[in-house]
Amino acid sequence: WLDIPLLAAVRPARMLAKSEIRRWPVAGWLTARSGALFIERDRLRALPDTVTRIADALRGGAAVAVFPEGSTWCGRAQGPFRRAVFQAALDAGVAVQPVRLRYRVSGGEASTAPAFIGDDSLLSSVWRVVSARGLTAEAEVTELVPPGSHTDRGTLAATAQERAGAGHRAAEG
C-alpha cells in the first residue's frame, strides 16, 4: 500500500489495481475516484479487455502505473514480472518507465516494515510503518525503454524487470 503514494509522488498516473480493492472501505472509493483501472486477477478471460483498457488510456495520453509482479513481496526479494500488461504498451506504441522502489532504515539496511503480505491487515501494516524508526523510502526512475525497441511482451517485460531490479539484489542482500 505504501508503494502507491510513493510512486504517485514521483510520477502521477492512473493505477492498475486488483478489483477486490473496490470493496475496501474508504480505500475502494478513493481508488475508484482517482481514475484507477481495475483487473480481475482470477478471471483469465477478462485479461484481454483489461489490456485493451490500459492501451486505450495510454493512447489517450495517460500514464498508467502497474506493479507487474502481480503480488506483494517482503522487500528483500522480487517476483517475476507478468508479461500481459506489457502488451498494452506495445499496442499503444508507448515507452515503459521502470521505477525501483526501496525502503531502508537508518544505516542503509533494507527494511521489511512496509511489506504487506500474507494475512496482514492494513491496520497492522500501517502500524509497522508509523512505528518504524528512521524508515526512508526511495524511488529511483531507471532508464526508459523506448517504444519500438521490443517486438514482444516477454522481452519487454524482461528488460523492464532487469532495469527495475538492477542493483536491487546487490544493494539489498
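I start with the ground rules, then the sheet, then the arginines.

This is a predicted model, so to speak of local features we need pLDDT of at least 70, side-chain atom pairs count only at pLDDT 80 or more, and totals for chains, interfaces and linings use all residues. Residues are numbered from 1 along each chain as its sequence is written, and side-chain values use heavy atoms, with hydrogens and water left out.

The sheet. Helices (H or I, at least four residues) and strands (E, at least two) are DSSP runs, numbered from the N terminus. Two strands pair if DSSP finds at least two bridges between them. Here we have an open sheet of 3 strands, order 2-1-3, with parallel pairing. Which strands stand at the edges? Strand 2 (37-39) and strand 3 (64-65) do; each has a single partner strand, so one side of each lacks a neighbour in the sheet. Strand 1, residues 14-18, pairs with strand 3 in the parallel sense over 2 bridges. Met15 sits opposite Ala65 of strand 3.

Now the arginines. Arg102 is in strand 4, residues 99-104. Arg104 is in strand 4 too. Buried or exposed? Arg102 is buried, at a relative accessible area of 11%. Arg104 is buried, also at 11%. Buried means under 20% relative accessible area, with a 1.4 Å probe and protein chains only.

Where do the side chains go? Arg102 makes a polar contact of 3.5 Å with the side chain of Glu140. A polar contact is a pair of N or O atoms within 3.5 Å; within protein, one must be able to donate a hydrogen and the other to accept it, and residues adjacent in sequence count only if both atoms are side-chain atoms. The Arg104 side chain reaches the backbone oxygen of Gly108 at 2.9 Å.

Methods
Buried means under 20% relative accessible area, exposed over 50%, partly exposed in between (1.4 Å probe, protein chains only).
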